[in-house]
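I opened the notebook to record what I looked up, one topic at a time.

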Amino acid sequence: MPETWWRGAAIYQVYPRSFADGNGDGIGDLAGLRSRLPYLADLGVNAVWLTPWYPSPMADGGYDVADYRDIEPTFGTLEEAEKFIQEAHELDIKVIIDVVPNHSSDQSAWFQEALAAEPGSAARNRFWFRDEPGDWKSIFGGPAWSQVPDGQWYLHLFAPEQPDFNWTNPEVHQEFHDVLRFWFDRGVDGIRIDSAAVLVKDFDGGDPDGYTDQPEVHDVYRGWRRLAEEYDNRIFIGEVWFPDQERFARYLRPDEMHTAFNFDFLACPWDPAALRHSIEETMATHIPLGAPPTWVLSNHDVARVVTRLGREDTSWDHGARRDGVPADLELGYRRSRAAALLAMALPGGVYIYQGEELGLPEVEDIPGELRQDPIWPRSGYTIPGRDGCRVPLPWSGGEPPFGFGTGEPWLPQPEAWNKLTAEAQAQDLGSMLTLYKSALAIRRDRLGDGTLTWLDSAPEVLAFTRESGLTCLVNLGSEPVRLPPHETVLLASGPLEGEELPTDTAVWLA
Ligand code: NOJ
Ligand code: CA
């Protein structure tokens, strides 16, 4: 792949616990992932991004890292991880891993050392220990400060098991430089940076949000970029969640991150004016910086796209979540097929969250006692949280565990997933899996990095052409629309009605 592969890549997100289980304990692992690499190659993605694979007590699905230089034993070993990187590379698939710099696990060596040390010690100064708690709230609910036995308090923007690092301490900077080198030396091609905008804290300004986007956070990424430039072709992808596009774009300056997830697009409702606006604004903020846009429909933190697009309110809102709000899944399915063709046609990179290519819906009936997301208990059992999009994948067969492994999956799979297995869909020309495969194949030569030209169209239709001559049309109106003159229909998200594009349908024309 060329040096600039990442600018137009299709990147597949693997949530390792739920991808494939190789040893029958019901939990996904590296053996399972390695055995399914041919599936990913066949699907046609350019890279995989794995959410954290490090040793972790799993208080937050692995985003509570106990050791940044090893592999979680239930997932496998460091040696297997190295083999995985090599095997992926042999299939021309790049590997992106997740680094979590804002917080560690409370079981990390550093935090344990801090607990054993005195107030005011160097060990405590790697985190935020105080004699009195502040009033910030945890993003997962409840207070952001917890008390330790000697009376001091420490900061955790997420769960209490995730103490925040003190990024004014040079030791923390040094540690993460070492961690980056550790993985770059093992051949990883990129790093997804967790909670990238919240590392630096301003406690004194009185701002309840004094941890978001503080100016000094950019110095962290400038240092990381310099380090990455010592290697050939390694990239950073930022998880930067906030609405201000101009401030978001600062993370993409040429000496900072290469790309960042486009959550504005993810949160955008299924509405032509809103989508057009999101796309235009994305292009307008990225292009002058030379940074490629990215297009994201879902990930492991939000409702599955089939369900989201089947609800009355199709936008995403972390605060509202809308768990259990009725969804017309048939409608959501049709729209998510169209949304996939839209996202894959737009200029830049595209992310596919595992199961999106199978059209999986959100699982909304997981029994409370099986739920593992810390949001569930921390919200006083009122917000079910993110487990519904993390249910183990259905691979084959007619009943659970659907080829996920041989043991009982860590979250129960719906019986109705017998129709959604990768095996069943591989044989079905009309399936979501076939649509993704066909789209990715066309995308390889004709789409990806570049720019777009909008075509004149009715307001409820998105219509644009790419440099290759491919035209993408999405009909978000309630009436069918006429196709413009074309040579061939390359791909459509649903059946066309003669020369007309039905509602909630997308088409790629040459
Ligand atoms: C963002 C991750 O995507 C999410 O899963 C996690 O809970 C938080 N960051 C905290 O690390
Ligand atoms: Ca396993």
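My entries below go from domains to a contact and then to a metal site.

Entry 1, ground rules. I am reading a predicted model, in which local features need pLDDT of at least 70 and side-chain atom pairs count only at pLDDT 80 or more, while totals for chains, interfaces and linings use all residues. Residues are numbered from 1 along each chain as its sequence is written, chains are lettered from A and ligands numbered from 1 in written order, and side-chain values use heavy atoms, without hydrogens and water.

I looked up the assignment, whose bounds come from an automatic or database source. I noted domain 1 (5–101 + 170–364 + 427–441), domain 2 (109–155) and domain 3 (452–509). The C-alpha centres of domain 1 and domain 2 are 29 Å apart. Twelve residues from domain 1 and eleven residues from domain 2 make the contact (heavy atoms within 4.5 Å).

I counted one between domain 1 and domain 2 (a side-chain nitrogen of Lys or Arg within 4 Å of a carboxyl oxygen of Asp or Glu). Arg 126 and Glu 171 form a salt bridge, with the closest N and O atoms 2.9 Å apart.

Which residues are the protein donors of the calcium ion (ligand 2)? I listed Asp 21 (OD), Asn 23 (OD1), Asp 25 (OD), Ile 27 (O) and Asp 29 (OD), at 2.2 to 2.4 Å. Donors are N, O and S atoms within 2.8 Å of the metal (3.2 Å for Na, K and Ca), and water is not among the atoms, so sites may look incomplete.
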